[in-house]
Amino acid sequence: MNPEWLLPLSAVAPIVIALSGWLGPLRPALPFLTPVGLVPALAAAAWLPDGAAFSFQKGHLETAWLLDPASRTVLWFTALGWLLAACAGVGYFRRHPRRVSFSAVFLIAMGGNLLLVLAADAVTFYTGFALMSFASWALVVFDANDPAFFAGRVYLGLVLLGEIMVFPGLVKGAVLADSTLLADIQARWGTDPASAVAIWLLFLGFGIKAGMAPFHFWLPVAHPAAPTPASAVLSGCMIKAGVVGWIRLLPTGGPLAEPLAVAAVCLGAVNLLGGGVAGLLQTHPKALLAYTSIQASGTLLLGLALTLFEPSLRPAGVGMMLGYAAFHALHKASLFLAVAVSPGVTGPWKRRLAWLVLLALAASYAGVPGLAGDLAKQAAKPLFAATEPLSVLLPYLLAAGGFLTLLTTARVVALIRPGSSAHAPHPVTWLSWLVGACLAVLWPFAVQGAPFVVTDDPFTWAPFGVACYLILCWLVRRWPLPVAMPPGDVLHLATKTGVRPPPDLGLRPLQWEAALSGPAGAAALLLLLLVMLGLLSRAILF
Amino acid sequence: MMPASVAVPLPVLVPLVLALGALLCPAAWLRWGARIGALACAAAPLPGVRLILSHGPAEIALGGWETPLGIRLVLDGLSGLFLLFHSLVGAAVAWHAGSIRPPPTDTPPRSSRPVPIFWPLFFLLWGGLNALVLSQDLFNLYVCLEFISLAGVGLILLSGSVGALRAAVNYLLLALLGGLLYLLGVGLLYSRTGVLDLEHLAAYLAPGLMLNAGLTFMMLGLMIKSALFPLHTWLPPAHAGAPAPVSALLSGLVISAAYLVVLRLWTSGFHRLAPEVLPRLFSVLGSAGIVWGGVLALRQDRLKRVLAYSTVSQTGYLFLVFALSGAETRSQGGVWAGSIYLAISHGLAKAGAFLAAGMLMQRCGSDRLEDLRGAATAHPLPVALLGLAAATLMGLPPGLGFTGKWMLLDAAFQLEQWASGLMILVGGLLAAGYLMRVIERCFRTDPAATAPVPPSDRAGPMFPVLILVLAPFVLSWLLAGPDNLLRIGAPLDVPAWPGAESAP
């Protein structure tokens with residue numbers, strides 16, 4: 001059997017497991033089978049060679065799959081993030097009456113996510129994108145209470161907005177390229193206004209998924225509402241789907257890339273700074289973590305701007321973006337699991353261990369010198385310095401963003417400090433958090449690959465940095481919150497100022513419809529008859 | 001291989017014979033007999049399709065009378081595809097309805113006396129639909145259309161409620177009006193040309209007052225029958241008031257059959273009469289229908305009414321295609337194939353959705369959206385079936401609905417018809433809005449938390465519904481088949497709009 005079969009199997013296996021478990025005799029075992037769904041994906045990431053491709057064509061179903069170095073990185077962190085959440089979910093939902101339904105939907109969303117990562121053509125990619133987005137709606141509303149349904153509506157509204165932006169963009173790209181392969185679409189963008197519109201639609205549509213301002217507000221609304229394992233993958237893995245879309249589809253240069261780059265810089269700055277400030281004013285740990293993800297999207301947007309400004313730096317820039325995405329995915333998944341584990345830890349030794357892991361995770365994410373976040377940052381610096389228009393402003397921007405990240409992570413530690421809740425976590429959830437944290441903190445040192453190479457030795461500063469960070473955490477914990485901001489800033493601002501998001505048409509359409517079925521309908525018929533007769537005879541006479 | 005003289009009329013004869021048989025059959029045998037008969041009906045087009053796949057389009061002259069005097073039945077790729085589509089939907093609906101005991105009515109048991117008239121009407125409707133797609137003669141098309149409408153009215157009446165009676169009478173009147181308008185148009189055309197057969201007629205079709213007036217009346221009649229905005233108001237009460245299996249047939253098959261007649265006329269020469277005006281009008285009305293149906297579907301409080309207004313909205317898509325016909329698409333049938341795939345995927349998914357709605361209705365007590373609370377936990381399978389149908393109706397990949405939409409959007413972008421492209425997207429957005437609204441309601445918990453109604457025998461089996469809602473996804477893989485089928489006899493081989501050729 002061809003090893004390339006692993007590519008489609010990676011995405012199909014979770015879906016098949018979900019369906020067979022939901023409908024078939026495996027039903028009681030489905031929660032335990034959730035991690036098994038990732039085996040083909042992990043095997044593909046580990047063993048398939050670069051450039052492994054699979055394609056299948058039957059009727060209108062043309063599907064192409066590809067594992068290149070970029071998709072391998074994405075596949076690794078996506079699969080690991082889902083694996084952590086799946087394992088944590090086994091414990092988290094141990095006694096939940098609807099755990100089978102959760103596992104089924106979780107597996108389907110997982111399949112969609114893996115599908116879009118490995119897809120090499122537009123239809124397969126869009127299939128994965130839609131499958132993941134719609135299945136995740138069920139994850140968001142899983143708790144079936146009013147906040148969950150509110151979050152579900154916000155989430156769904158933005159998903160739909162994203163879909164109707166991405167879909168025409170893809171179709172236009174496929175028309176231009178006369179091919180549905182993503183690589184062809186990316187290479188053959190024109191310079192006409194229609195191409196520009198398509199490119200902008202794709203940029204914004206994927207931006208919604210990635211949490212780009214001003215479409216970021218679904219993250220802090222949806223993440224607190226969803227069960228924690230679902231938040232972990234929403235924030236860790238799924239928002240990277242937008243980044244994959246940017247990297248795969250936006251033009252690699254040319255006149256249309258320039259304005260896009262400017263927009264990416266501006267929106268990136270807004271994400272980086274705004275996300276940090278809004279995050280500091282949160283009281284719910286998951287909302288705060290959602291804002292840190294918005295900040296991370298800002299960094300990724302700056303990376304995108306770099307690849308758009310300097311096509312020559314594109315390989316290095318994409319490597320940097322993917323490295324940062326991997327770093328963020330593992331850290332964020334682990335931090336979300338910390339919300340489920342850390343507050344409920346009991347016992348002196350366990351509590352000490354939880355403190356150690358939590359602080360290590362937060363410090364590593366915050367970019368304390370010598371830890372993983374710092375390695376990612378150091379790798380990005382020379383790239384930004386080499387890009388002409390960015391090198392002026394960016395050091396300040398990144399410094400400000402970094403400072404805000406220090407504060408927000410310290411606030412995370414304050415909000416989920418071990419022992420603050422009586423709800424004891426399940427040992428399996430505990431263990432998955434522990435493994436995830438170790439993986440996140442130590443992985444960059446193990447890889448030593450392109451995105452994490454550091455020039456000078458940062459470890460001399462590490463003890464000093466860690467000490468400062470601990471003091472900062474202590475200070476932030478003592479520091480009272482000046483004012484709390486509701487999660488989903490813009491959304492609440494809009495409702496507060498009287499802008500009602502859904503236009504309320506009242507009963508008028510129903511009344512008009514009733515009129516249309518009465519005499520008005522007869523009048524419409526007559527009018528239509530006259531119009532058609534008039535138009536058709538006009539066509540003859542003139 | 002069966003000769004054409006048998007294979008072509010078989011899809012019409014088998015249902016008609018079965019309709020007669022169902023009238024005479026003892027009630028005790030009817031449940032199984034009807035289901036087996038439905039399978040026979042579903043198999044009836046297969047010899048014909050096999051024949052045209054190997055020998056090209058087949059036709060027979062009824063009674064040996066050649067045209068222009070007699071009537072032809074023509075089996076080309078388009079009719080073959082629609083016959084198979086009718087088979088799939090008809091068999092699934094029959095199998096589902098046959099398992100409901102007593103025969104399908106949506107009213108509570110007190111008025112659910114056995115209604116043996118369901119099966120004769122069902123087979124009559126099926127036979128009429130099959131005859132319609134095989135007809136190539138203006139008057140014969142009229143007879144089939146009326147046949148279908150009358151059978152439809154009878155089926156709606158099975159519901160037995162006052163609302164259904166009112167809806168059925170309304171439907172009857174408008175269907176008759178539509179039929180008469182069509183007949184008036186045919187009369188005008190016949191007075192001018194003296195032929196009714198589409199192939200012969202094509203030679204006489206050049207712009208002229210009489211012919212154009214005839215076309216206008218015919219198209220108006222067909223617009224009523226296919227519920228194009230603003231002539232759609234008969235549809236929602238009729239489709240929502242009928243028993244669920246009947247709604248499935250009416251929404252899934254009857255609407256697309258009326259549309260098929262429009263397409264048939266347009267592609268067999270009538271485009272020469274009004275090369276630009278009519279496509280534009282269809283685009284405007286189709287767009288208005290997409291929005292209007294979608295907005296009203298958002299405002300309904302009953303599941304079946306949501307689905308009925310969704311039919312109004314989805315019909316709008318089909319009429320966008322006339323202005324897009326110049327585009328080069330990668331599919332064999334061109335952009336026409338896109339609209340046919342949309343019609344077929346809509347028919348399959350909508351029939352499945354109505355059957356799923358019927359199942360939910362039996363289990364939750366009513367189809368009020370408020371009563372659907374908690375359905376996702378209490379009755380997950382019908383909700384999942386509804387969700388799958390919704391995915392097709394929204395145009396989510398990789399279903400046939402997505403393929404059709406992609407083809408139309410592709411054509412709209414090539415011709416730079418941004419308005420049509422936008423309407424296709426808006427329609428999808430609205431569909432997602434009204435369908436997700438229903439599904440969200442199913443996910444909500446029930447505040448009253450009544451004990452779940454035990455799934456009754458009356459709800460019917462899942463399996464046929466599953467086939468219907470999965471078919472659009474499977475068909476998009478097998479589309480090489482339909483593509484090849486559509487090429488047989490080149491039924492859709494028409495010049496690009498607005499490149500009107502000069503009159504002969």
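Reader: At what angle do helix 15 and helix 17 of chain A pack, and how far apart are their axes?

Author: The model is a predicted one. In it, helix 15 covers residues 314–341 of chain A and helix 17 covers residues 372–386 of chain A. The two pack at an angle of about 160°, with their axes 10 Å apart.

Reader: Are helix 15 and helix 17 of chain A roughly parallel or roughly antiparallel?

Author: Angles over 145 degrees count as roughly antiparallel. The angle here is about 160°. Helix 15 of chain A and helix 17 of chain A are therefore roughly antiparallel.

Reader: Which residues of helix 17 of chain A meet helix 15 of chain A, and how do the residues of the contact divide by class?

Author: On the helix 15 side of chain A, the residues are A:A316, A:G317, A:M320, A:Y324, A:F327 and A:H331. They meet A:A372, A:G373, A:A376, A:A380, A:L383 and A:F384 in helix 17 of chain A. By class, the residues of this contact are nine nonpolar, three polar and no charged.

Reader: Is A:W189 buried or exposed?

Author: A:W189 lies in the loop between helix 8 (182–187) and helix 9 (193–210) of chain A. Its relative accessible area is 12%, and buried means under 20%. A:W189 is therefore buried.

Reader: Which backbone oxygen lies 2.8 Å from a polar atom of the side chain of A:W189?

Author: The backbone oxygen of A:I185 lies 3.5 Å from a polar atom of the A:W189 side chain. Not counting residues up to four places away in sequence, A:W189 touches residues including A:G169, A:L176, A:L249 and A:P251. The backbone oxygen at 2.8 Å belongs to A:L249.

Reader: Where does A:R72 lie, and which backbone oxygen is 2.7 Å from a polar atom of its side chain?

Author: A:R72 is in helix 4 (residues 69–92) of chain A. With 16% relative accessibility, A:R72 counts as buried. Leaving aside neighbours within four places in sequence, its contacts are A:A44, A:A45, A:L48, A:P49, A:D50 and A:L67. The backbone oxygen at 2.7 Å is that of A:L48.

Reader: What percentage of the residues of chain B count as buried?

Author: Chain B has 21 helices and two strands. Among its contacts with a separation of 6 or more, 82% are between residues 24 or more positions apart. Of its 504 residues, the share that counts as buried is 65%.

Reader: Are helix 5 and helix 12 of chain B roughly parallel or roughly antiparallel, and how many nonpolar residues does their contact have?

Author: Helix 5 (residues 77–98) and helix 12 (residues 244–267) of chain B pack at an angle of about 170°, with their axes 10 Å apart. They are therefore roughly antiparallel to each other. Their contact has one charged and four polar residues, and the nonpolar ones number 11.

Reader: How far apart in space are B:L184 and B:A213, C-alpha to C-alpha?

Author: B:L184 is found in helix 8 (residues 162–193) of chain B. At 43% relative accessibility, B:L184 counts as partly exposed. B:L184 and B:A213 are 29 residues apart in sequence, and their C-alpha to C-alpha separation in space is 9.6 Å.

Key: Residues are numbered from 1 along each chain as its sequence is written. Chains are lettered from A and ligands numbered from 1 in the order in which they are written. This is a predicted model: local features need pLDDT of at least 70, side-chain atom pairs count only at pLDDT 80 or more; totals for chains, interfaces and linings use all residues. Side-chain values use heavy atoms; hydrogens and water are left out. Helices (H or I, at least four residues) and strands (E, at least two) are DSSP runs, numbered from the N terminus. Buried means under 20% relative accessible area, exposed over 50%, partly exposed in between (1.4 Å probe, protein chains only). A polar contact is a pair of N or O atoms within 3.5 Å; within protein, one must be able to donate a hydrogen and the other to accept it, and residues adjacent in sequence count only if both atoms are side-chain atoms. Contact means heavy atoms within 4.5 Å. Axes are lines fitted to C-alpha atoms, for helices over the stretch in contact, and angles run from 0 to 180 degrees between N-to-C directions. Angles under 35 degrees count as roughly parallel, over 145 as roughly antiparallel, 65 to 115 as roughly perpendicular and the rest as oblique. Ala, Val, Leu, Ile, Met, Phe, Trp, Tyr, Cys and Pro count as nonpolar, Asp, Glu, Lys and Arg as charged, and the others, Gly among them, as polar.
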